[in-house]
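Please look over this structure and its salt bridges.

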Amino acid sequence: MKNFCKKFRALLFLGLALLVAGCGDDSSQEFILYPDSGLAFGLHPNDYARNDSSAANLAHGITLTVHPKATYQLSFDIDPNFEAPKLQLFRIYTTDDGEELHAKMVRTLDPDIQNGRYVYSFVCEERESTLWATSLILDKTFYPGRVSNILFTGDGAYSDHFSINLILVGNIEEDLEDYSVDELASNLLAEYRKHYSSVTIDTLYINRAESHPKLGKKYPANAPWIAGRSSDDVMLSELGGWPGIEYALDITLVHFIDNEGILGYSNLFSANLGSGVGSTVVLGTHIKTLIGEEKIDMRGIIETALHETGHFFGLRHTTATQADIENIFMGYDFGDYSNIDDGLDDTPSCIGEATVNLMKLQKSDIQYRHLMPRIRISAGSSFEVEDCPDASNYMFPVTVDNVDLQFSEQQLDIIRRNLMIFPH
């Protein structure tokens with residue numbers, strides 16, 4: 001999906017067209033208005049952040065992340081100055097060589113009116129997870145009304161169970177020293193089952209990258225593996241979808257991540273219990289520092305695993321850092337400063353001066369596209385993380401010493417709903 005925006009602009013010449021809808025009645029024709037925004041913003045299911053930029057661009061085109069068999073609702077407040085618009089949905093796909101993007105009509109929807117909101121309901125009939133795009137039409141032109149308080153929710157048809165595949169990369173046994181891999185795995189599974197209480201974790205598998213049936217030779221066990229340095233792919237995505245347990249959550253444990261102060265990474269809403277991009281979470285047994293590296297204790301590794309898995313299932317940081325807002329995803333810039341928190345009622349966020357200090361922590365550009373890190377503040381920082389009311393939440397972006405972390409009820413509900421959306 002690299003250079004998505006640039007490629008999508010090739011669609012704009014299509015302009016207005018009369019075409020047969022891709023999933024509609026083949027015997028009738030309807031007016032189709034293709035998105036012309038460049039698709040700079042998008043929504044994923046069950047995200048309660050404000051997403052003002054997506055709201056502002058909905059009529060001219062945003063992307064929606066959709067999955068097979070899931071039922072979705074896209075809704076926003078009624079603008080009383082205009083009649084109800086129709087929502088048109090398009091499937092975005094590339095040619096075989098990946099050089100051209102095309103939009104295929106999926107369907108046109110009329111809204112239901114519920115509690116002062118337009119509600120558009122649909123079922124995804126795709127065979128695989130994909131991106132759809134939108135346009136809003138009123139009188140054969142883009143809807144001119146105000147779109148506010150946008151919300152995209154989804155419910156899936158899959159299981160609320162999953163397994164974990166802990167993948168050891170490099171000489172991890174030597175890294176741990178004070179405890180065994182089995183002890184780490186046992187404690188990791190216990191903490192997942194305790195804190196991911198809205199779902200069921202069936203099994204935790206342990207596999208070693210050097211034993212992968214196809215890729216093992218690329219991952220020697222006699223040296224530390226540094227994510228982002230030992231190979232170009234910081235997430236080790238090719239290890240996702242491990243043969244024989246293709247639909248487990250793949251957690252890759254490496255020596256450290258080659259980015260100062262970062263304990264772990266996941267994509268926000270990875271949405272992939274399978275293989276390929278977005279299918280892995282990466283953790284370090286050590287952390288890169290100004291003067292070298294520092295060992296992370298077992299509690300730190302486990303807490304980071306639970307934090308990054310929260311991102312995997314669609315949870316934002318309770319309070320955003322600058323990097324969260326400005327990061328680049330799939331070739332385009334989010335840049336939505338309305339998303340300073342996760343939008344949930346039961347997760348407080350930093351306010352005032354604390355917010356400013358928190359957002360300064362990662363103001364410099366991150367090397368990788370829209371990865372959500374867990375951060376450790378340097379010893380010289382003047383920012384007191386304990387001042388933040390969300391410091392005891394698992395999705396707080398910064399580590400806090402001597403705090404018992406937890407998820408909120410709304411966060412646990414999102415984890416369960418999104419797990420059931422992901423094919424597995």
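What follows is a set of questions and answers on the salt bridges.

Q: How many salt bridges are there in this model?
A: This is a predicted model, with local features needing pLDDT of at least 70, side-chain atom pairs counting only at pLDDT 80 or more, and totals for chains, interfaces and linings using all residues. Residues are numbered from 1 along each chain as its sequence is written, and side-chain values use heavy atoms, without hydrogens and water. A salt bridge is a side-chain nitrogen of Lys or Arg within 4 Å of a carboxyl oxygen of Asp or Glu. By this rule the count is 16.

Q: Which parts does the salt bridge between Arg 417 and Asp 155 tie together?
A: The two side chains meet at 3.2 Å, N to O. The pair ties together parts 262 residues apart in sequence, because Arg 417 lies in helix α8 (residues 409-421) and Asp 155 in strand β12 (residues 151-155). Helices (H or I, at least four residues) and strands (E, at least two) are DSSP runs, numbered from the N terminus. The parts are helix α8 and strand β12.

Q: Is Arg 417 buried or exposed?
A: Buried means under 20% relative accessible area, exposed over 50%, and partly exposed in between (1.4 Å probe, protein chains only). Arg 417 has 17% relative accessibility, so Arg 417 counts as buried.

Q: What is the relative accessible area of Arg 416?
A: Arg 416 forms a salt bridge with Asp 160, with the closest N and O atoms 3.4 Å apart. Arg 416 is partly exposed, at 32%.

Q: Which helix holds both Glu 303 and Arg 299?
A: Their closest N and O atoms are 2.7 Å apart, in a salt bridge. The two residues are four apart, about one turn, in helix α5.
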